[in-house]
Amino acid sequence: MKQMIKSVALGALILAGVLQTATTRAATAQQSRNCGPRDLVVSRLAEGYGETRQSMGLAANNAVIEVFASSESGTWTITITAANGMTCLVASGQAYEALVEALPAKGNDA
């Protein structure tokens, strides 16, 4: 019985190691495909999609979050730039629309 439990535990550890390796490799491959120097990423967004920066903010670890969009095509892209200058694509899509909305009045949880 103890031998069977040891075998199951060892199998679970091996499976966890295989999954960890596969996940790390997938993340590395994805990062190399979706990240690059900021100036190159910004240039490709401008030239390829006509997107310009619409907004930005500071996130954890001094990372900069930016939203790029094109009012002509409606495409948009959200990027994050680390302190080392590497920019990664976080999300992208279509039907971008700039909005200017007033905050609700105090006491109104609208």
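Is C88 buried or exposed? C88 is buried, at 19% relative accessible area. The views below come from a predicted model.

**View 1. The disulfide between C35 and C88.** The two sulfur atoms sit 2.0 Å apart. A search of the whole structure finds one disulfide. The link of C35 and C88 is right-handed, with 110° about the S-S bond. C35 belongs to strand 1 and C88 to strand 5, so the bond ties together parts 53 residues apart in sequence.

**View 2. Burial of the two cysteines.** C35 has a relative accessibility of 17%. C88 has a relative accessible area of 19%. The cut-off for buried is under 20%. C35 therefore counts as buried, and C88 is buried too.

**View 3. The centre of the largest pocket.** This pocket holds about 360 Å³ of space. Its lining is made up of 18 residues. Closest to the pocket centre are V41, R44, L45, Y49 and L89.

**View 4. Elements around the largest pocket.** Strand 1 carries C35 and strand 5 carries C88.

**View 5. Residue classes in the lining of the largest pocket.** Eight lining residues are nonpolar. Seven are polar. Three are charged.

Terms used:
Residues numbered from 1 in each chain as written. Predicted model: local features only at pLDDT ≥ 70, side-chain atom pairs only at ≥ 80, totals over all residues. Heavy atoms only, no water. 1 Å grid on protein atoms, 1.4 Å probe; cavity = no way out; pocket = protein on both sides within 12 Å on 5 of 7 lines; lining within 4 Å. Points joined across faces, edges and corners; volume = space filled by probe spheres on them. Helix = DSSP H or I, 4+ residues; strand = E, 2+ residues; numbered from the N terminus. Nonpolar A, V, L, I, M, F, W, Y, C, P; charged D, E, K, R; others polar. Disulfide = S-S within 2.5 Å. Buried < 20%, exposed > 50% of the residue type's maximum accessible area, 1.4 Å probe, protein only.
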